[in-house]
Amino acid sequence: MQSAAPQKVGERPIEMVPREHDSAESRSIPTEIQSVGFSELIRNSAETPEFVPAPSDASETDRASGVETVRQEPVDTSDSVETFIALALANHPSIQAARQRVSAEFHRIPQVRSLPDPQFKNTFWPIHDQSLQTAAGRLGNQMSVSQVVPWPEKLRTKAAIVSQEVRVAQAEVQRIEREITESVRLAYYEVWFATRAIEINKETQELINDLAKVAEARYRSGGTQQDVLRARLESDRLANQLVSLEKQKQVAQADLATLVQQPVMLVMESSDKLSLANVPQQLDELIALAEQCNPKLAGLASEIQRDRQKQRLACLQKYPNLQFGLNWGLVSDDSNVISPVANGHDQINFNVGTTLPIWRDKINAGVREAANRTSSTAKRLDAERDALYGKLRRLLVQADALVEQRDIYAQRIIPRTEDTLTLAIADYRGKRTDFFSLIETYRELLMFETQLARIEASLAGTLAQVERTVGCPQ
């Protein structure tokens, strides 16, 4: 049969599977990749000598366990993606920095809610003949203490502003956590895909070795040596692809190790099964969840409340601030006094002052400024909501397309290609087809198996994007 052009492991048709995880949710399909027994195909179709597979990966799986920031000892485990997410959320410096900003904003509340520091003044006249003289005697020293008391609503409004700033900072923490979670999932799924592609490559290597044995047997019975050389060439091509896949896996492992704050020399392995959670089918459900959970929307909503409080504070500037004071003067009746009736009684007095908010243009301009900032933030919220709705629509469409592609590959394309390969092997042994057609069929099966793994990884990445966009943790 005439087959599609050969394709390298890890590549995929652009029009069918998006490489980036910019796709979205799909139908609920709890799924796992099931390997196709390449060797069984040939063994079921013909009696061939037992083939010894190539040795497995040279190194054991290394892993960092626990939630410590750095662990040097390797651990031989294959953890789930949730384990790596927990490590990243506990150790990532971006999240820790955001949490420190929340604490910093929280500690601003008692600062803005408190009265300003009182003032103390001490005035004295060291030269006796130049000091103030009163009927009670000479005033040698005068002390005063005063306290500014803002209009009561101003302090409460400032505290309310900072409280909303705390909420904005908390929303930023949640946004960074969702971003890190998505990055960990995408890196993990790349590790999983590279691992699966390597498994497919090695299974295919077994098939090629079995085909080479069939070609050698046919050559000994009068066939052409070209088939034997072609089988060896295909084996070399697979070895070259394996090198690229190993490097791709190492890069993905380094990215994952960086996200979970583990030494990059540790080998981060994925689990064998890739389970896909249920995908919401209704866009309205996703939008409703996003309204409740999305950190960006929550942060902008808090910014609007903050700006409204700022607008209220601007309106309160038309009310005066009060000032209360206490003065005490030390009066002396010694020989340097002028008054003949000096008795040395000290002076004590109280004073009350107020600001005069008479510059109405300045106050009104502040009110208009705060109103414009509130309106600007509200428009930003509308724009972010529209962008979020559009992204959810795109993700839902892309996820549905990935699910349909997965079903086509898993239920139709791959089983039919396996049957075709089985028949091609039997026809080749019976000298009814040439080795080139057999190789083309095997290449198609290799491409389709790799393509199915890419679809699964892309679908999982799409679900990670849906989770981040909606904002509700799973």
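Student: Which residues in α3 meet residues in α5?

Tutor: In this predicted model, the α3 side of the contact consists of S94, I95, A98, R99, R101, V102, E105 and F106, and these meet V162, E165, V166, A169, Q170, E172, V173, I176, E177 and I180 in α5.

Student: How are the two helices α3 and α5 oriented to each other?

Tutor: Two packed helices are described by the angle between their axes together with the distance between those axes. Here the axes of α3, residues 93-106, and α5, residues 152-220, come within 8 Å and cross at roughly 170°. Since angles over 145 degrees count as roughly antiparallel, α3 and α5 are therefore roughly antiparallel to each other.

Student: Turning to a single side chain, is Q147 buried or exposed?

Tutor: The cut-off for buried is under 20% relative accessible area, and Q147, with 19%, is therefore buried. Q147 belongs to strand β3, which covers residues 137-149.

Student: What does Q147 touch, and which backbone oxygen lies 2.8 Å from a polar atom of its side chain?

Tutor: Leaving aside residues up to four places away in sequence, Q147 touches L115, P116, D117, P118, L322, Q323 and F324. The oxygen in question belongs to the backbone of P116.

Student: How many of the 474 residues of the chain count as buried, as a percentage?

Tutor: Of the 474 residues, 45% count as buried, in a chain that has 10 helices and 5 strands.

Technical notes: Residues are numbered from 1 along each chain as its sequence is written. This is a predicted model: local features need pLDDT of at least 70, side-chain atom pairs count only at pLDDT 80 or more; totals for chains, interfaces and linings use all residues. Side-chain values use heavy atoms; hydrogens and water are left out. Axes are lines fitted to C-alpha atoms, for helices over the stretch in contact, and angles run from 0 to 180 degrees between N-to-C directions. Helices (H or I, at least four residues) and strands (E, at least two) are DSSP runs, numbered from the N terminus. Angles under 35 degrees count as roughly parallel, over 145 as roughly antiparallel, 65 to 115 as roughly perpendicular and the rest as oblique. Contact means heavy atoms within 4.5 Å. Buried means under 20% relative accessible area, exposed over 50%, partly exposed in between (1.4 Å probe, protein chains only). A polar contact is a pair of N or O atoms within 3.5 Å; within protein, one must be able to donate a hydrogen and the other to accept it, and residues adjacent in sequence count only if both atoms are side-chain atoms.
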